[in-house]
Amino acid sequence: MTEKYLSMWKDLKLDINAHDQLLKTLGNSYRDIYLAQNNRPGGIKYFDFVMNEVHGLRIKELMDEKEQGRKIIGSFCVFVPEEIVLAANATLVGLCTGADFDVEKVERYLPRNTCSLIKSAMGFKLGRVCPYLETADMIVGENTCDGKKKAYESLDAMVDNLYVMDLPQMKSEKGRDLLKSEYMRFQKSVEELTGVKITFDSLKEAIKTVNDKRSALHRLAELRQSDPAPISGLDALLANQISFYDNPARFTESLNRICDELEIRIKENQSLKSKKIPRILISGCPMAIPNWKLPWITETSGAVIVGEESCVGERGARNLTDDSGADRDELMDAITDRYFKVDCAIFTPNKDRLNHIMEMVKTYKADGVIHYGLQFCQPYLMESIPVEKALEAQDIPCLRIETDYGMEDAGQLKTRVEAFIEQLQ
Ligand code: SF4
Ligand code: SF4
């Protein structure tokens with residue numbers, strides 16, 4: 001792949017040596033974690049292909065789109081509505097924040113005790129290794145947690161196209177009004193960037209495209225409720241991760257094909273594993289590509305992950321947008337209502353998230369919950385305590401994990417996860 005796309009990466013001013021190193025590490029992890037799995041559905045080969053070409057063919061597609069005048073918008077958070085972006089004839093891509101890069105340089109801009117996710121975003125920019133960041137015509141940040149808020153001030157000095165969205169922190173009427181006004185402001189900025197006026201028809205069509213994508217993810221989630229689970233948590237996580245990068249219509253079609261296959265597996269009672277194994281729900285911080293450490297440890301310790309209460313998972317994908325509005329403003333209201341239901345830990349109080357975790361345990365027939373908090377992530381680490389207490393009150397075992405993107409604690413984590421799984425058995 002290196003030779004084929006070298007001139008494109010040079011045009012994007014990537015640091016070619018550092019980028020080669022990153023691709024090598026990514027490729028090795030993918031081989032050891034993903035390709036080492038048994039009994040994967042045949043359709044998953046498409047996702048293997050996407051991962052293989054994540055810095056190659058997909059970037060080439062985006063560059064071709066740019067050449068035809070289409071704009072690319074990068075985002076760090078599930079609060080950025082893809083519907084608005086698509087309606088203005090632009091493309092939304094998620095920006096990787098799932099691996100450490102250039103940590104030493106990052107710590108010249110951010111304190112050491114910043115979560116890995118924020119450090120990763122900064123490291124990819126400082127190290128010039130992310131073609132998505134370099135392709136984007138607009139990078140959207142958001143005022144969610146304090147760490148992100150302040151880090152965007154540093155990022156702003158490094159790029160000339162950062163747009164920051166102000167997000168509410170309370171699920172109140174005022175909070176909803178703020179979100180709506182921020183989406184109206186975003187819509188205007190996207191229109192200015194693209195030179196395309198968002199119409200009722202274009203917004204309705206964009207809502208349909210994104211709803212179709214989310215419906216395919218819901219279908220996958222429902223199939224995972226079967227016992228035994230028809231697909232590994234790792235592969236299901238991959239589907240959720242790729243949903244942020246791939247062309248939405250193509251992704252929907254490919255995921256639906258995998259779901260057709262899983263339906264047959266369930267009908268024919270084909271099991272992923274030869275014996276019954278504990279079912280785990282993962283809850284907490286989002287896991288962006290290539291953050292596979294905890295799921296990999298969990299699934300190689302004798303359990304299967306059946307659901308993710310996460311932004312790269314059900315928290316991010318769960319609700320559809322009502323497309324029955326009679327005009328553009330009603331559709332914008334429907335978009336606001338859909339996103340206002342996202343129960344990120346930056347909200348206070350955030351009872352909805354707790355209720356959602358309990359509901360997911362039941363729906364997915366989970367035997368236990370692993371709460372995943374990134375080190376130094378105050379919102380999710382703070383919430384992990386009430387989550388654990390609520391689960392304990394219902395006799396649902398819970399393991400609280402606090403980790404980062406490094407592999408130094410992998411052995412210790414494995415010991416704790418294995419002991420937890422043994423307890424569930
Ligand atoms: S956890 Fe919160 S800040 Fe992070 S992606 Fe989700 S909604 Fe955005
Ligand atoms: S919410 Fe937590 S994990 Fe997400 S960016 Fe903020 S500190 Fe990091």
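Colleague: Hi! What should I know before I start?
Modeller: This is a predicted model, where local features need pLDDT of at least 70, side-chain atom pairs count only at pLDDT 80 or more, and totals for chains, interfaces and linings use all residues. Residues are numbered from 1 along each chain as its sequence is written, while chains are lettered from A and ligands numbered from 1 in the order in which they are written.

Colleague: Thanks! How is the protein divided into domains?
Modeller: Domain 1 covers 2-170, and domain 2 covers 203-321 + 327-336 + 342-424; the bounds come from an automatic or database domain assignment. Their C-alpha centres lie 21 Å apart.

Colleague: And how many residues are in contact there?
Modeller: 40 residues of domain 1 are in contact with 47 of domain 2, contact being C-beta atoms, placed from the backbone, within 7 Å.

Colleague: New topic: in what order do the strands of the open sheet come?
Modeller: The order is E2-E1-E3-E4, with parallel pairing. Strands (E, at least two residues) and helices (H or I, at least four) are DSSP runs, numbered from the N terminus, and two strands pair if DSSP finds at least two bridges between them.

Colleague: Which strands are at the edges?
Modeller: E2 and E4 (162-166), each pairing on one side only.

Colleague: How many bridges join E1 to E2?
Modeller: There are 4, with E1 spanning residues 72-75. Ser 75 stands opposite Gly 94 in E2.

Colleague: Which helix packs on the sheet?
Modeller: Helix H10 (residues 173-194), which touches E3 (138-143) and E4. The direction of H10 makes about 160 degrees with that of E4; axes are lines fitted to C-alpha atoms, for helices over the stretch in contact, and angles run from 0 to 180 degrees between N-to-C directions.

Notes. Contact = placed C-beta atoms within 7 Å.
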